[in-house]
Structure formats: structure tokens, C-alpha cells
Amino acid sequence: MLTFTIRRLVLAVPTLLFISLVIFMLLQLAPGDPMAQVPLTVPPEVKEKMREALGLGAPVHVQFFKWIVQFFWVEPQVLIDHLFGTTFSEGQLRVLSWQTRSPVMDIVVQRLPQTLWVVGMSYVLGVLIALPIGIYSAYRQYSAFDQIGTFVSMVGFSVPTFFTGVLLIVIFSVNLGWFPSIYDTTHKVTDWDSLMFQLRQMIMPVMVLALYNAAQISRFMRASMLDNLNQDYVRTARAKGLGEKTVVLVHVLRNSMIPVVTVIALGVPQVFGGAIITEQVFKVNGLGQLLITAIEANDLPMVQTLTFIFALLIVIFNLIADILYGILDPRIRYD
Amino acid sequence: MTELINQPVPSAPPRSQWRDIWDQFKTHRGALIGGIVFVVIVLAVFIGPWLWPYDPTFIDIRSRNQNPSWAHPLGTDQLGRDMLARMMAGGQTSVSVGITAMLLALFLGSLIGVLAGYFKRLDNMLMRTTDLFLALPLLPLLLVMVLLFREPLNAAFGPETGIFILIVTAIGITSWMPTARIVRGDVLALKEREFVLAARSIGTTNFRMITRHVLPNVMSPIMVSATLGIANAIITESALSFLGLGFPPDFPTWGRLLFDAVDYMQQYPERVLWPGLAISLTVLSVNYLGDGLRDALDPRIRGR
Amino acid sequence: ERGADGHVNIIYWQAPSILNPYLSGGTKDLESSSMIIEPLGRYTETGAMVPFLAQEIPTLENGGVSADLTSITWKLKPGLLWSDGTPVTANDVKFSADYCMHPEGGCAQAAKFDGVSAIDVIDDLTVKVTFSESKPNPYGPFMGAQSPIIQAAQFADCLGAKAPECTEANFNPIGTGPFRVTEFRPNDVISLEANPNYRDPAKPAFATMTFKGGGDATAAGRAVLETGEFDYAWNLQLAPEVIQQMAKGGKGTTIAAFGSLVERIMVNMTDPSASLPEGERSTAKHPHPFLTDPAVRKALSMAIDRELLVEIGYGQAGRPTCNLVPAPALYASDNTDCLVQDLAGANALLDEAGWVRGADGIRAKDGVRLSLLYQTSTNAVRQDFQALIKQWWEEIGVETELRNLSASVFFGGDPGSPDTFQKFYADVEMYANNFDGTDPEAYLAAQTCDKAPRPETQWQGENITRFCDPAYDALVAELSRTGELEKRGEIARKLNDMVTKDANVIIPLVDRGRVSAHSNTLGGVVLNVWDSELWNVADWHRIK
Amino acid sequence: MLDQPTERPIAQIENLRVEFQTKDGPVVGVEDVSFSINPGETVCVVGESGSGKSVSSLSLMRLVEFGGGTIAGGRLLFERKTGGQVDLGKTDQELMRTIRGNEIGMIFQEPMTALNPVFTVGRQLTEGLRLHKGMTKKEAEDRALDLLKQVRIPEPERRLQQYPHELSGGMRQRVVIAMALACEPRLLIADEPTTALDVTIQAEILALIDRLKRETGTAVMFITHDMAVVAQMADRVVVMFRGNKVEEGTVEDIFENPQHDYTKALLSAVPRLGEMTGKALPEPMRLLGAEGPAALPIPGTETPLLTVKHLVTRFAVRGGLLRRTVANVHAVEDVSFTLNKGRTLSLVGESGCGKSTAGRSILRLVEPMSGSIILDGTDIMALDQSALRRARQDMQMVFQDPFASLNPQMQLSDQVAEPLRNFGTHSGSALTDKVADLFDRVHLPRNFMRRFPHELSGGQRQRVAIARALALNPKLIIADEAVSALDVSVQAQVLNLMMELQADLGLSFLFISHDMAVVERVSHDVGVMYLGRIVEMGPRQAVFEDPQHPYTRALMKAVPVADPRQRKSEKDLNFRPIPSPIHPRGYQPAPSEYKEVSKGHFVLTTDSGY
Ligand SMILES: Nc1ncnc2c1ncn2[C@@H]1O[C@H](COP(=O)(O)OP(=O)(O)OP(=O)(O)O)[C@@H](O)[C@H]1O
Ligand SMILES: Nc1ncnc2c1ncn2[C@@H]1O[C@H](COP(=O)(O)OP(=O)(O)OP(=O)(O)O)[C@@H](O)[C@H]1O
Ligand SMILES: [Mg+2]
Ligand SMILES: [Mg+2]
């Protein structure tokens, strides 16, 4: 498996380069231009000048190459400088956003805390809710618990977050006044009170997202458990006198994990990708909001960089999922 | 003595497999209710408009924002359009888009997942393609698709069918990846089971191996993907329309009705209720249908 | 007393991405930066000019503007300090102009400096702007939120191509305004504090400010009107009913003001048919098959009930209009003919013009059917308008297909996209536009023949309708030579009537105002549509 | 035998009735069965395949319920360790849990599916110990190691780290045995525990169970088809037929004085070692009551069908967190043989010596490392995938573990029809007829055609697998323990069927089996394998009547005799340590060299490891 992992990691390099090229071409091809947000009162000649200043006049391959160099060569140097106080990157041009004219990576770093707090937390919570629900629903198939679980999760999945989010705001912010409707990204947790405030402002977006994630994962968990509950080895485990808990949570669960691991691993990059709509509804302004504003503003370097980071995460987490398959099921061979 | 040994075991006439499945399906209460609800929804949205006098796009400005009444059982919207008519018209689009896009995504996902899991040679290439698709930003991709294909499709199929094809394809090709990965994972494990080896020893071709041995055994994650896929497609469609990438603006869909109504949630809560309910009901009914079907297809559960 | 009122929260549903208006034309950026950096003079809520950093507004009368209209001389108030404590000098003013006029800088406000031939520092407090030819309206440079004065010391290394690299300066410009930045999170939130060196020692009343961006108008309105979390919400583009509902929350008040923003339908005078070869679609080469018929255009306009549109879409934030230039009063034509919907008249007009109804109720003449593609950007109100107008047009026998496009595509000038408003691959399209400041000259001049977007200009150009009338062009030329206000007003009104009332190539619908909301405890808010909404943020205070 | 009539029986089954719910109403798995098991007693349950033996034993564990069955009537009385009787049919599952694995141990019939594929053997073995005996991890591991040694698994340390699919059929079975024995239960239910074991190991396992019984007073319920094993082990015998008990008695009574017709038929069908002494060629068995012409010997031909030369197959052994290859299992090492048309070559040998792997390698179901395989002039090793597929039409395999080799989602008729469909030999009604015909041939009722694998008994599944292999009329059938799960009467019929086909169609068999009596009956030639190599090979008569290699001799000696009066005592067995086929990477074994002792009778002269 080591060779497999190494091979995959090596292979990831051309894959990622190719993905970045495809993303780049896609963005080039996509209609829209960074001047869309400039008011119509600004005359076209001026807009043309602005475009040129952004480097839009350069040929496509030059733009791509410039991005590659900036992303893979300059940005790591900046990171090193930041960590060790060196000055490798001095004077070199970083990946600059067209919209803010500032280094893209700085903004990304700025957005990480709230994304992780809200989206990350909701994902963890979603998984933590989903697994027990899925397992128990399968174990007691068609019991009241299963029926209610199914109902809630399907409704949770089919009702879009732009609706549930606003609903929660209307109930808890407008009518009850319990939680703020607008997330304060500058808030810093320093003491108990500020922690409570952080929790209060997190609770609604986290619940909305967690419900959505949990709905999806629990369905896969349930289906997969059902597939395995009737296998012969389960009978053997019972014959050993193992408690139902061990039988289900150890023997059946491990065998049922492959599809669930896939779903969970696929979801992790989306944590970093942010939950665009939920972030919008609650004004969390995380990475999702960053991406969507960048797309709306046709801020290509930003979109390109962000999507590429997601691509990186996707490749990594899919590799992790593959490695986990091998660990979960020893019969799966990779070489 | 000979008679004793050689006498046939008392036997009943063989039954057909489809009969079995149907029998099992029938006894599954959830599936049955789900099926009925689904059929009712489909009938309501496709037959309903023939029976209902109002046109979904007809504006009667004098009767705007009405609460439910006999004339307008679901009320009217901010332009005085009849909500029932709009719900039915919206349902046609949402249900057809939901189901077709889901089927397309499911087909692509299962195909790619099975191929990747089954053929080691293809695995790397297909899974890297999946990574690529997962990584592509949805919005620009859709914009490009609309840019490239809207005109030709409009020319070939007319504006409505053209945009339908475009939307279904757009949703389909941007949502098959999770299914593919899940199916592949399962196939990887399944491939090492002994009955696959046994099937190979009797000369089963790869194609048949996949259709007879592999696919039926990965049915349950596919079923789950299917139910989740419908909900996903219906909601994605509304997002597309909202971004101006979907159907013309006067073309109601459930997702869009819901989206438009969210602003009016406090004044006219029923307006969010109808489309929300319709989407949830559809998804729930499909889910129960899928559950029932899965149980019916699983011989270990059947007969219990 | 400065800082006595504590903290204030402002929400803009579009988040500012940069605080240097020279690098971004976006309203959100202009308005947020207007609290930090200031121009020499601003427009008031009535459109009148008031000095800010200048001692007075230079005019012909006070001699600030030369008699031949080729130069204007500004005098700074004495004793002004930057927020870092250094004095503001005429050099900073000249530098601001140099910064924007640098050919490689891609300055978004370059149009403000159009025709400037030289900027001369006369003394520490005096700057003279010289134009290459006579400029009847010399208030482009250094007036309004678009051309504030930036600190020469801070931006000295940021000229031209280097402009974008000065992140620190762009995010935290040193200014003269009532506030200065403590933290700027692009596209998210700005934290500000009172500028200790602000010229009025009693202002601002607030010690700190949070300026939150992002989300949507509904949420912004809700946060001010219903939950009271925020004190000020900008530009609530919401259905009137929704605003009413929110106002019931009792935490705040809405305010409205009108400027020159007009929602209009543009009529394509050229043929957008997809069957034409690429490069010839929507160009003067192929006139439109039926929209070139003035009767059709007039009928389209007559069929619309503008009152109703306002009622449904804008409420207090709109009023029906028949003019392209609805304000200021000097330039606004008194045309009100279109305000009453006249379906019968429109039908009669079309009958008369020989457009007869076919079996499907759609009019046709010589095999040409009155069938339109009507496009606009995606926006709930615009979609309601589309639906309503479609119905009216169908009542006069005009078939209408609707299309909505993502704003970022529609308004993005990408020459590769078929869906931009400039390319106009549709028969009619709807959007809103206005002009900067109070002078409509450039705005009206945009409708001349040579401004039509076409392949040769990479589809850039402002004459979207491709309307072309030599008489109009001549009148525009006359306007540019006229300095006398009365006369200018007269010509402008005439130009306005030519494209709207007479030719109906531009069908104005609604004069759109701006609606913002402030909490009941926030005092001093004066909504201004001619400049930044936050123009007088120094006067804002807490009502106790 | 500690037969103490005063003591109450450990388990008493009274009028047990088990039903399975299907749509056609309840299907009866066990109709009416009563018997009891005393402490220190071995009760053998024999009977027709599908007669309800497994179901009865599962009922005793209350595990039928998890398989869709219900105990519809009767009592299952069990004497607890702490004293006091409980009716297992009525206890709640909570209490059952403390009984299962602890007081009653069970060995399952199909070892492959009985083991959890994703846990190591060690993990699965220690689980019960830690639960019931409260051992620490270390203690449990020591005990597990000890258990593996007791059941004679080579290299037990390494096996603890391996996964079930990496073990041979016999090893898996022994793991299941070890698992059942782990907590030293008071009642041991053994459902066909030795079908996959070669005779030497079988003898050792039987001795182990016997010892356990004697030393700890464990009661044993032993389900088997092998009458020789019954004769070796049983104190009492219960005969079942179609869900009912038809006869019960002491082992001597049953063997010497059977009452019921079925019992008589059963005993008459038992193949006995030595029956063929003096005959060179195999001949079908005479079945009780079967008329028709006298069975004729099957001569076979001298044209080679399958030639295998220097076949080598190895598996990588992975270790460590990163699962790197640390060693290789030399499963098949330099094996060469020739199988002529119309003849049967039997492979016998110790469990885990590579017989299944050799069979699979010939079909290229596992890729051999090197060697040549020529089937009827075709070089199998040289074929590409599609040609290989076509070539497989001529060679079919019956897998050792029938349950695992059947698709759980597919109807039996479809599974049997599959090879026919694959090669398009039949279609439409011809196909249906052919399938029905195949079901008849393997004595499966036709109404089983619509069933699914889990609804059958072990023997029934085995027959499905045989029917599937017969479907294409191949030239070569590799039968891996093809008849081990069948009761003797069906086994005799199937063996006769095989020989009939051989006589009529000139089929060749590569017959892998542990049952020496069966091997004697059916084979022309015999190859004896040990540790991946063939140690002795030659005509059956020569090998059986004049064994040369020490391993062959030991093997012959260990064969049990179906006569309760000729029990072998444990002293006759000589336990010797079992060498390992696992060698570090880069290990190069020496080639095999043979000496021809008589015509066609070869004996390995180089080191065999024995
Ligand atoms: N889950 C089930 N559903 C329906 N019928 C079943 C099920 N399990 C077993 N049976 C039927 O019950 C009968 C008894 O099966 P059982 O497994 O006890 O046989 P057995 O005596 O152990 O046979 P073998 O020696 O072949 O293993 C068989 O006819 C079988 O087909
Ligand atoms: N997939 C595998 N991975 C690793 N080792 C394996 C694998 N399959 C079999 N082996 C090993 O190869 C050796 C031979 O196994 P094989 O199944 O051929 O034995 P066998 O002769 O059929 O035994 P039995 O009579 O018990 O079925 C054993 O040591 C086994 O552990
Ligand atoms: Mg059995
Ligand atoms: Mg084997």
C-alpha cells in the first residue's frame, strides 16, 4: 500500500496540473468579465484601461504560466518567510485578486477561522449525528425511530438551506430574539462570555448545515448497514455470545463503512469550499462566500486559486478514502 | 425403500421472480404509500392543468396576494397569478427535471463507478476524471455550457426542450461524482468475493459480470443516491433558474416558487409552504419507493 | 463630543473589496471609502455642491473657474491634517490626479479627469486644474465620492502598474475623513474608529464603527428594522410589501431619495436574429425587421402601466417616468404623456400601421410577426416587470419571450459572451442606468451614432439601442459647447425627448429612488443620491 | 465414556418445530425432533442433506430467528452451569448472550462466510474470550495462540494476523473450531466440522474433541455426513430425514442393526476404504435398490488432456501498517502432472497444502507465477482474456465453499443457467429444460429453482454448484471438495453421476478431496500433495496399495473406518509439527525431483518438508 500511496501521490502532480489547466480554460471560456461590477456610468474606454491594468490583455498561456509560477513558486516562499522570518519572496509578485488587489492567500487565511468554526463544526456535528441515526435505523428497520429518522432526514435534505436558514432567523432572531441573525466574523473568543456569544451566533448556521449533512450521511449509513446485517458472519458473532452492541457496532459497522467513508471523505473538501448558501444567509462570509463573490465579480485569480485549493483537497481526501478502503477491507488490493 | 428415497420432495410450482418482487413490494406499506403519493403527484401536475381553468402565467393584478379561497385554493402570488396553477406547472418542470437529471447522474455515476471499480486499468483514469469534475467550479461550468450549447439546442429542439435538455445535462454531469465514488468503493470490495471468481470460471463476460453480479449487489447505495439525487436536482434547478441559467423567468418551478416566497415568509407563510411541501413530499415518496424496491430486490429480506 | 456615542453598526449587502475608489468603481467601495478619504467638494442631498476639503466651491462668479472655462482653481482649507497627523497640502491633490491619470494604473475614475491637461500646485493650499479645451462642467476632478484626495506619501510607490501591489495602502488609506480603518477584511467587514485628527474636534460622535458587508437586501433590512442588530442598512431593493412588513418590527425607519436612476426598456434598432452571421447580428448593417417601425415602438410604450409597475416593484422607492433624465429639475423634461396606460390606443396605432392580428392573436405584416425576445438581468423585481409587461404586450398582439441573465454576465462586457447587454442579442432589454453627479451631458452624448457597440469596438459602447439620428448628434455637439445653464437645460431636455417621446427607442419605466433604513436611535442621517450615502457620517449620532 | 444415567441431560430437545416464513405460508425446516444430549456424550446427527440438522442446532442457539425462522413449537431444555434448567426456546436474548459462546459453542458449516472478512483471525478468536472470561488482551492472545496450536494450524503466530480470505478452506474451518472451543463450552455443537480437513488433521481434531469430552465432560452434538467419523466419534446417533427424527440409538445399534429404511439406505451408500483393492479402474457404486446393468469399470484413454508443468503459485504476505509484502506463501511449488482424457486424477493432501490453489491456477483464476498449462493442445498460460474465457468453456470448477461461490442476489436457476447463457449454447425453452434437467441430475427438487442461496442447506448449495459446473459439458472439471457437504446417499448418486458422465462423454476430473474412500472409488490416478508439492503420484492402485512416501503412509493410516468397533485410538496418531509454506522474499526453493518406483508411480526424492 505504501507503493500505492506513493504512486498516487506522484500521479497527483500531473493530475492537479491538468485540473488547474482545465479550470483555467474553463474560467477563460466562461462569459463575464471583471468589469461587471463597475457601474455603467464608467465609460467603456476607462473599463478597457482597467482591464489592461489587470493583465487581461496578455495571451492566455502567459496568464496561465504566470499563475502557475505565482502559486507554486512564490506562494510557498511566502509561507516559508512567514514561518521562519526569511525573505525569499521579497519583491516577487504573488497571486493577486483582481477585486481587492491583494494577495489571494491572505484573504483565504483570513476566511479560514469562520469557515472552520461554522462549516467544519457543522460537518463534524452532522457526521456525529448521522452515524448513530443511520446505524440504529438500520438495526431497527421500520421501527418508529427509523420512520421518524427517515422522515426528518429526507425533509431535511429536500428543503433547501435558503429556506430553513431564513425560517430559523425569522423564528429565533426576529420573533424570539435569542440569536443574532448576522454573524460577526471579527468576534474573538477570549473568555466565557465571548465563548457564549460565539456559540449563540454559530448555533443557527451550524444546525442548518448539520441537518443537511446528517440527512445525507445517515441514509447511506442505513442502507449499507442493512446490506450487512443479514450476513453469516453476524450469526457467528452472535454465536460467540457477543452483545448486540458489539455485533452491530464492531462487526457490521466495519463492513458497512466503505460507502460511508466515501461520502464523508467527499464531503470534507466541501467544508473548506464552504456552504455557499448558508454562509450567505447568515452572513458568515467564509470561503464559500469568498468564492461566490469572486465568481460574480469574475475575479479569475481568486476563483482559480480557490478552486485549485479545493481540487487539492479533493485529491487528498479521495486518496485518504482509498487508503481507508484498504484498511477497512483487507480484501481490497491496490497493486 | 427406493420409493422412499427417490420420491420427489413435495414441491410447489415455481413462481416468477417479478411476481415475488411485486408481492414483496405490495406488503411494504411505506413503499405502497410512497408509490401512491408519487403517482398522485405526477398525475396532479401533468393532468391537473387540463382540469384547472387558470393559466399559471396569467396575471390578474386585482387579485394579488390573496389568501386561499375557493377560487384560488392555494391563494395567489404578488402579481395575482393563481398559485395552484403555478404549483402544477412548476411541478411538471421540477418533477421531470428532478427525475431525468437524477437518472442521468445515476447512470453516469454507476457506469463510471462500476467501470473504475471493476477494471483496474480504467480505475486511475476514471477516478482522476471524477476528481476533475469534483474540482470544477459549478457556476462557471454552467455558464460555459449555457454559452456553448444554448443556441444550438434552441435551434435543434426549440427553446423549451432545448433548455430542458441543457438543464438536465448540466445537473446530470455535475452531480454524478459522489455516486461514482461510492459505487466504485463497493465494487472494489465486491470484486474480491468468491462468487465473482466463480462467475469468471464459468466464462461470464465482463459485461454480464457487471450487470448480473456486480450491479445487483451495489443496488442499495445506488438507491440512496437516487432519492437524494432527486432532491438535489430539484433544488439545483431552482438555483440555476435563479441565476438566469435556467428556464425563462415566467416559467414556474417548485424551487423558484420556494425561493421567491422566502421573502414573503412572514406575510404569506402558505406561499413557502406549498412548494416546500411539494418538494419534500416528492422526495419522501421516492425515498419510500426506493426503500421498498430495495427490500423487494434483496432476497434475504424478501419472504419475511 | 467626539466618540461619546460609542459604537455604530452599518450593513451593506454588497461587501467592499477595496478602499481605494481609484481602483474600483463599485458603489460599495466608493461609499465605504468615503468615510475615510474625502474629495475637495461634495454634492448635497439636493445636488448642490458644498466644499469639504476646499474652502469654497470655485465658480465663474467667485473667479475659481476661468472665464474661458478651461481651468479651475481649488483652495484647500488651512490646517487640515491626515489621520496620521501630517498636514494635507496641494501636493496631495496633485498626486491624486497623477495617480489616477497614470496610463498604466487602470484608474476606474479616469473619466473624471477627462480633458485635464495639467495640474499645477500654485502654493501649499492652491491647485489649478487646466483643461485642454473649454469645459462647461469643470467639476470632474476632486468632486464627489469618485475622486477623493489620497495621501501622496502613502501612495508614492504605488503609481501605475504598481498600484495593485500596495495592498496595505489600498486597504487602509490614510485620509481626512471622520473615521480611519483599524481592520479591513476584504469582502467582509471593516472595523473603524474615529479619526483623531478630524478637522471638526466634536465629530464624529461615534468612537468606533463596524461596517459589515455581504448577504442580501432582505437580511440587511431585517437586521435594522426587525432585530435592531444594525443601525443602518443601505439600498433596500425589496418589494414594497416586504419593506412594509419589516417596518412593523418598529426598530427602525426607512428613508428614500431620488436621483437620476431610471429603469428603462431599450429597443434594439438592429436585427439580432440568430440566423445572421456572427459579427453582423445586432449591427447597423441589418435594421430590425419591425422595431424600426416607430408605431410599434410607440405602441409598446403605450401598453405599459407604469403606475402599476411602481406599486408592485418599488413602492415609495419609485415613481413612474417618461424621461431618460428625470432630475435635476433643470434637465428634467416635463413629458408625462406615457404615464397613463392606453391599450386601446396602442392597438389602434398598430392597426393603423398595418399590423394585423393572425389566428393566434399575434400581429404580423408582410410575413413579419411581432414576436419579441425580452431580456434583463436576474432580479426578482425585474422578473415581475417582465411578466407584467409580457402580458400587456400580448394584449396588443405582440408575442413576448422572456429571458433573464446573470447580472455578472449581462453587465460584464466580455466580448466573447452573447449575453451581454452591449451585444444585445435580443429585441428589447431592460436595465437601469444613471449619470454621475448632476450633469447629464456625457449621459446624453452616449446615444450618438458612433457610440453604438459593434464588433469593431469589441462590442464596447453606450448607445445600446443603436439609435442613429444626425440631428441628435448635432444637438449633442451643441450641448458640449454651451456653458450657460439655462441653455444647457433646454438642449438636454430636447435630447431627452428625442430618444424617448419622439423615437421611443428608450422606453423609460420607473424613476428609481434609493431606500435605506436606519435604526430609530441613529440620528443625523441624510440620504443623498448624488454622492455617497455616507457623505455626512461625521454628523451621525445616537439619539438617546 | 462418563455415561452417568443419574445425571440430567445437558440439553433436551422436545418436539422441536421450526418454520420459515415465506409468502406461501410457513415452510417447515424441522417438523418434529426430540432427542437429548448427556454430559460427556457425543450425539451424532446424521441424515439427508436438508433434513433440518443445521436448523435444529441453530435453534438450540436461538440463532434461527436472525435467519428468518421461528421456533413454532417444542421445548429446548438446557442445564445451566450454575444449575437449573432453562427452556432456551423462551429465554430472552439477553440471557442467551451469556449462554452462547460461553456454555454452548458452535462450529458453523460454511467457514468462509462464517468469518468476518474484515477482521483478523486473532481478533475474532479473542473476542469471545475477553467477553466471557474477562481476559486481558494479552491473555486472550496467548489463549488464541494455544487454540490455534491445538487445532493444528501451521504457523499460528502468523495466522493470528491474517484475514480469513488468506487462509485455505481447512484452515478457516479450524479457526471456526478454535473459536467454538475457546471458552470451553459445556455443549459443543459441531456442524460438519471436518468436511474441509484432510484425514490426518481430521483425526487430530476428532481426537481433540474427544479429549475435551473426556476431560471436561463437554457434551457434543456432532452433525456430519461422514459415517466413518460417526463410527469414530459417536456414543449415540440420531438419524434425521425430511425434518423428522426417524431413528435413534447407540452407535453400535445403528451400524449393526439399522431399523429404518432410510438408515439402511444411508449405510449401504457409505464408501469404504479398501473396497476397490485389487481393481485398477474406478467403477460406480452399487446403490441399494438401484437396478440396471452391472457397473462397469471406466477405462479412460491414454491421450493427455491436461498437462501441467512446473506450476508455481505464490501469494504475498503483507505486514505492518503500510501492508507491505514481507514474505510469500509458496502455495503451489513446482507441480507437474498429466491428466488423460476420460480419466480422473485425485489430489489429496494436507489441508492448506495448495490443492485449491493448484486447481484455481489451472483455470487461471489466480495467476500462477510460472509454469505451463496445456489443455487439449491450448497453452492456457499464453491466452489473453477473451481467449481464456473461451477456453474456460472446456474446464469448469466446483468451488470448495459453495455458499461463498454463489451470488446471494441471484436465483438458483439463473445461476445454473448462467454458463449456458454465457456461451449461448441454449436459449429459450431449451435453456429452461436443460436447467431443469441439471437440477434433476443433482437431485435437487425443481421448486428450488426460484430460491436464493441462503434458503438452502449446505448440501443443497453444493449441488447447485455441481449443476452449474456440469452445465457446459466441459472436458475437464476441477471438483474442489465437490461432494464433501453431501450426505452419503446423495454423494453416492452424485459420484455415480460423475462416473456415468465420464464413461459416456469422456470427461476428465481433477478431483480434490479429503475423503480417501471416495478418492479410492473414483480415481484412476492419485497425486499426494504436501506443502505445495506433489510428493507421490501414480495410478490409484499403486499409490493406495503400495504407498512409498512417508506422508502418504501417514495419510493412509489416518483414514477412519466406518465401523464403531474399529476405532482408532489417539495413540496411533503421531503429531508432528507442521512446517510452514511461508518463506521470506527472495527465497528460492529447490526444484522437485522424482523417482519412478514402478510404471507411472513417482515419488519425490528431494526434500518435501515432511
Ligand atoms: N432461511 C431459510 N428459508 C427457507 N428455507 C430454509 C431456510 N434455511 C433452511 N431452509 C430449509 O430448511 C431445510 C433444512 O435445512 P438445514 O440447513 O437444517 O439442512 P441440513 O440438514 O443442515 O442439510 P445439509 O446437510 O445439507 O447442511 C432445508 O430444506 C432448507 O431448504
Ligand atoms: N488469497 C490468499 N492470500 C494469501 N495466502 C493465501 C491466499 N489463498 C490461499 N493462501 C494460502 O495458500 C496456501 C494454500 O491454500 P489452498 O487454499 O490452496 O489450500 P488447500 O490445499 O485447498 O487446503 P484445504 O484443503 O484446507 O482447502 C495456504 O497456506 C493459504 O493460507
Ligand atoms: Mg447443514
Ligand atoms: Mg482448498
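This is a predicted model: local features need pLDDT of at least 70, side-chain atom pairs count only at pLDDT 80 or more; totals for chains, interfaces and linings use all residues.
Some ground rules come next. Residues are numbered from 1 along each chain as its sequence is written, while chains are lettered from A and ligands numbered from 1 in the order in which they are written.

**Around ligand 2**

- H7, strand E12 (324-340) and H12 of chain D each give two or more residues to the shell around ligand 2; helices (H or I, at least four residues) and strands (E, at least two) are DSSP runs, numbered from the N terminus.
- Oxygen atoms of ligand 2 also meet the backbone: one is 2.7 Å from a polar backbone atom of Glu166(D), and one is 2.7 Å from a polar backbone atom of Lys355(D).
- Of the 22 residues around ligand 2, those that come nearest are Gly170(D), Ser351(D), Lys355(D), Ser356(D) and Thr357(D); a residue is near a molecule or strand if one of its heavy atoms lies within 4 Å of it.
- The shell around ligand 2 holds 8 nonpolar, 11 polar and 3 charged residues, where Ala, Val, Leu, Ile, Met, Phe, Trp, Tyr, Cys and Pro count as nonpolar, Asp, Glu, Lys and Arg as charged, and the others, Gly among them, as polar.

**Around ligand 1**

- Ser49(D), Gly50(D), Ser54(D), Ser457(D) and Gly459(D) come nearest among the 22 residues around ligand 1.
- A polar side-chain atom of Ser49(D) lies 2.5 Å from an oxygen atom of ligand 1, and an N or O atom in the side chain of His225(D) is 3.1 Å from an oxygen atom of ligand 1.
- Of the 640 Å² of accessible area that ligand 1 has on its own, the protein covers 91%.
- H1 and helix H16 (458-470) of chain D each supply at least two residues of the ligand 1 shell, which divides into 3 nonpolar, 14 polar and 5 charged residues.

**The magnesium ions**

- Ser54(D) (OG) and Gln109(D) (OE1) coordinate the magnesium ion (ligand 3) at 1.9 to 2.2 Å; donors are N, O and S atoms within 2.8 Å of the metal (3.2 Å for Na, K and Ca), and water is not among the atoms, so sites may look incomplete.
- Ser54(D) lies in helix H1 (residues 53-60) and Gln109(D) in the loop between strand E6 (104-107) and helix H3 (111-114) of chain D, so this pair ties together parts that are 55 residues apart in sequence.
- Is Gln109(D) buried or exposed? Gln109(D) counts as buried at 15% relative accessibility, whereas Ser54(D) is partly exposed at 21%; buried means under 20% relative accessible area, exposed over 50% and partly exposed in between (1.4 Å probe, protein chains only).
- The magnesium ion (ligand 4) is coordinated by Ser356(D) (OG) and Gln400(D) (OE1), at 1.8 to 2.1 Å.
- Ser356(D) sits in helix H12 (residues 355-362) and Gln400(D) in the loop between strand E16 (395-398) and helix H14 (412-422) of chain D, so the pair links parts 44 residues apart in sequence.
- Ser356(D) and Gln400(D) are both buried.

- Chain A has 12 helices and 0 strands, and buried residues make up 62% of its 335 residues.
- Why is helix H8 (residues 232-239) of chain A largely enclosed by the rest of the structure? In that helix, 7 of the 8 residues are buried, so it is largely enclosed.
- Just after H8(A), Gly241(A) takes a positive phi of about 85°.
- Thr278(A), in helix H10 (residues 276-282) of chain A, is buried, with a relative accessible area of 3%.
- Leaving aside its neighbours within four places in sequence, Thr278(A) is in contact (heavy atoms within 4.5 Å) with Thr161(A), Pro205(A), Val208(A) and Leu209(A).
- Chains A and B share the most contacts of the 5 pairs of chains in contact, while no contact joins chain C and chain D, whose closest C-alpha atoms lie 44 Å apart.

Notes:
Side-chain values use heavy atoms; hydrogens and water are left out. A polar contact is a pair of N or O atoms within 3.5 Å; within protein, one must be able to donate a hydrogen and the other to accept it, and residues adjacent in sequence count only if both atoms are side-chain atoms. Accessible areas come from the Shrake-Rupley method with a 1.4 Å probe; for residues, only the protein chains shown count as cover.
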